[in-house]
Amino acid sequence: MADEDGGGDGTRVDVAEQELLWEECDSGLPGSECTVFEVPLDYEAPDGERIEIAVKRFPATGDDVIGSLLVNPGGPGGSGFDFVDHAPYTVSEAVRESFDVVGFDPRGVGRSTPLTCLDAEEIDDYLGTDYGGGEADDLADLSPEGLDQIEAKSRAFVEACEENDPELMRNIGTADVARDMDVLRGLLGDEQLTYLGASYGTHIGAQYAEQFPERVRALVLDGAVDPSQDQLSVSVQQATGFETALRSFVEDCLTRPDCPLGSPGDSVDQGIAVLDDFLADTAAEPLSSATDDDREVNRARAELGVLAALYTENWWPRVREALTDAMEGGDGTGLLLLGDDLYGRGDLAEYENSTAALVAVNCSDSEAPREVEAYAEAAAEAAQESPMFGPMLAWGALTCAFWPEEAVAPLAELNAPGTDPIMVVGTTRDSATPYAWSEALAAQLDSGFLVTRDGDGHTGYRMGDDCVDTMVDDYLLELAVPDDGMACAGPRADEVG
């Protein structure tokens, strides 16, 4: 936790009157600068305990600087601090010329005051648990023993958060993150906020607009989350996005000579059946790995490896190679490392705290059922739409059944009345945030308008569509909104009112 005093003479400085003391960063993008600032742990007790927020800035490369562009890569649990290091790839040159690119680790994440729940060995166990017994649909129909096991592990996760930092776990929701971001906006000297948020980062931006509509200059919400859905519904609907992405991956794989799922001419359903049989085999007989630990590559870890690759087409060659190694040689190392990348597990068997933040923020941001039976029903429903990933994602939300009720925000749409136009970008075959969520958020926001990218992978900006990139850049730089209210050309481009 941060020190109680903010002034050199022992007096406490108001959070809005802090000075950002920038220093050259120890690592990352050359020329970037780093600092920290303080915010109240509980905004309802502004004079109480404070926590630290870590910030990184890459200064604008041009002379005509508009201000700061705050960025967040999603998660929850993703590091906005580290995201700045990728600015040459994630933000256009024209935008970098005109804006200081600024990222921060949200409260509870990374270099900011972090929330820690399970230790590394316990996270390994949590992520690698097979709750079935070798059948492809076991997670949709758990045995009593499997149900007891998944309930116990979910309870243990929440109890560990409670034991380590009960106050932070109750003050980690996105509404508070948005308030932290407004403090940062003020300390940066910007009268209004310009922001680019991806995936979960869209929820931060929408929350900001809801609380501070008059302080919005331009918000790009890319790969949107629908704030009107409870956490269990989000998990079930997310499964449909991964199923769509899986089919795109398999379809592409079957056109290539190195595809382990079949040959040209085979159908997508045939390829998925081959993959499903393979995963069922890993449940009965785990794969070996060449890593320096004793983790078995069982079905749970093999599934995570495949799931990780569906976030971006850039990883498709890597998962083809990993599946080939696993299916032809029994070596699960590639799949294991893909899953490690997804959850931030480093070479030294240590995790970033992104798993704790992911669970804590998701469970804090919206209500979820308190009855375990609701998750069993959801798993069965999700298995119909996404047999491979649906039950896993539905049961993954079970921790929220045990989250402290006083820490959970009420479910509500975010309308942000009174804001200037807000851009929502949706990708038609987005894996992690289904396109329907972008449609929903654009419709909920009073000033929202939708830009559609027809394609695969997660998010739309800087993903190879010149129309989308130009529209985002023109909006950020010139506040340009499409005159006819139309999205970029594509089979699912929609008119927005």
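Q: Which residue of strand 5 stands opposite Val55?
A: In this predicted model, Val55 stands opposite Phe104 of strand 5. Strand 3, residues 50-58, pairs with strand 5 in the antiparallel sense, over four bridges.

Q: And strand 4, how many bridges join it to strand 5?
A: Five bridges join strand 4 (residues 67-72) to strand 5, and the two run parallel. Leu70 is opposite Val102 of strand 5.

Q: Is strand 5 buried or exposed?
A: Mostly covered: six of its six residues, 99-104, are buried. Phe99, Val101 and Gly103 point one way, while Asp100, Val102 and Phe104 point the other way, and all are buried.

Q: What is the strand order in the sheet?
A: The order is 1-2-3-5-4-6-7-8-9, in an open sheet of nine strands with mixed pairing. Strand 1 (23-24) and strand 9 are the edge strands, each pairing on one side only.

Q: What does strand 1 pair with, parallel or antiparallel?
A: Strand 1 runs antiparallel to strand 2 (residues 33-40), with two bridges joining them. Glu23 has Cys34 of strand 2 as its bridge partner.

Q: Now the other end. Which way do strands 8 and 9 pair?
A: In the parallel sense, over seven bridges; strand 9 covers residues 448-456. Val424 stands opposite Leu450 of strand 9.

Q: And how many bridges join strand 7 to strand 8?
A: Three bridges join strand 7 (residues 216-222) to strand 8, and these strands also run parallel. Asp222 has Val425 in strand 8 as its bridge partner.

Q: Why call strand 8 largely enclosed by the rest of the structure?
A: Because seven of its eight residues, in the stretch 422-429, are buried.

Q: Switching to Leu441. Where does it lie?
A: Leu441 lies in helix 17, residues 435-444. Leu441 has a relative accessible area of 0%, so it counts as buried.

Q: Which residues is Leu441 in contact with, leaving aside neighbours within four places in sequence?
A: Leu441 is in contact with Ala206, Leu221, Ala224, Val225, Pro227 and Val424. Val424 is the residue that stands opposite Leu450 in strand 9.

Q: What about Asn415, what separates its C-alpha atom from that of Leu441?
A: The two C-alpha atoms are separated by 8.6 Å, and the residues are 26 apart along the chain.

Q: On to helices. At what angle do helix 9 and helix 15 pack?
A: At about 20°, with axes 10 Å apart; helix 9 is residues 231-253 and helix 15 is residues 372-385. That angle makes helix 9 roughly parallel to helix 15. Their crossing is right-handed.

Q: Which residues make that contact?
A: From helix 9, Leu232, Val236, Thr240 and Glu243; from helix 15, Ala374, Tyr375, Ala378, Glu381, Ala382 and Glu385. By class, the contact has six nonpolar, one polar and three charged residues.

Q: And how does helix 9 pack with helix 10, what angle?
A: Helix 10 (residues 268-284) packs with helix 9 at about 105°, with the axes 9 Å apart. Helix 9 is therefore roughly perpendicular to helix 10.

Q: Which residues make the contact there?
A: Helix 9 brings Glu243, Leu246, Arg247, Val250 and Glu251, and helix 10 brings Val268, Asp269, Gly271, Ile272 and Leu275. They divide into five nonpolar, one polar and four charged. Glu243 is also part of the contact with helix 15.

Methods
Residues are numbered from 1 along each chain as its sequence is written. This is a predicted model: local features need pLDDT of at least 70, side-chain atom pairs count only at pLDDT 80 or more; totals for chains, interfaces and linings use all residues. Side-chain values use heavy atoms; hydrogens and water are left out. Axes are lines fitted to C-alpha atoms, for helices over the stretch in contact, and angles run from 0 to 180 degrees between N-to-C directions. Angles under 35 degrees count as roughly parallel, over 145 as roughly antiparallel, 65 to 115 as roughly perpendicular and the rest as oblique. A crossing is left-handed if the near helix is turned anticlockwise from the far one by less than a right angle, and right-handed if clockwise. Contact means heavy atoms within 4.5 Å. Ala, Val, Leu, Ile, Met, Phe, Trp, Tyr, Cys and Pro count as nonpolar, Asp, Glu, Lys and Arg as charged, and the others, Gly among them, as polar. Buried means under 20% relative accessible area, exposed over 50%, partly exposed in between (1.4 Å probe, protein chains only). Two strands pair if DSSP finds at least two bridges between them.
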